[in-house]
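Let's take a walk through this one together. Have the sequence and the 3D view ready, and we'll start with a charged pair.

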Amino acid sequence: MVDIEAIQIPASFDPFSEAEDLLAGRGGGATDNNVHIRVQQRNGKKCLTTVQGLKTVHSYDKILKALKKQFCCNGNIVQDKELGRVIQLQGDQRKNVSTFLIQSGLMKKDQIKLHGF
């Protein structure tokens, strides 16, 4: 006979658990000066890249326009209650966005955190 209480069911993978830790104050929160670039799986092979944590002094519209033009993808800006303004891009653009932010001088290499599979 198997003891039901002894069986541990693994929890599902949450790609945004690190963001929840930051918001809860376990990893820096609002004082965190890092830009978080994540990839999120959609249907099939489709995925979505999110850029979170850019400083408010930067023009999100100009950054989005430059990213869309350089990487030939679509994107938009989403206003989130907890995370603030988040840039969303089609496809897996993590490395492209990080090199763009470094080369344009908006961020330093140690300020960018890449997340995802």
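Start at R94 and D92, whose side chains come together in a salt bridge at 2.9 Å, N to O. The term here means a side-chain nitrogen of Lys or Arg within 4 Å of a carboxyl oxygen of Asp or Glu. The structure has one salt bridge. R94 is buried at 16% relative accessible area, while D92 is partly exposed at 37%. For those labels, buried is under 20% relative accessible area, exposed is over 50%, and partly exposed is in between (1.4 Å probe, protein chains only).

A quick word on ground rules: this is a predicted model, where local features need pLDDT of at least 70 and side-chain atom pairs count only at pLDDT 80 or more, while totals for chains, interfaces and linings use all residues. Residues are numbered from 1 along each chain as its sequence is written, and side-chain values use heavy atoms, leaving out hydrogens and water.

Now for the strands. β3 (residues 75-80) pairs with β4 (residues 84-90) in the antiparallel sense, over six bridges. Together β3 and β4 make a hairpin, with three residues between them. D80 has G84 as its bridge partner in β4. Strands are DSSP runs of E, at least two residues, numbered from the N terminus, and two of them pair if DSSP finds at least two bridges between them.

Last, the cysteines. Searching the whole structure turns up zero disulfides, a disulfide being a pair of cysteine sulfur atoms within 2.5 Å. C72 is in none, as its nearest cysteine sulfur, that of C73, is 7.9 Å away, too far for a bond. C72 is exposed at 70% relative accessibility, whereas C73 is buried at 12%.

Methods: Helices (H or I, at least four residues) and strands (E, at least two) are DSSP runs, numbered from the N terminus.
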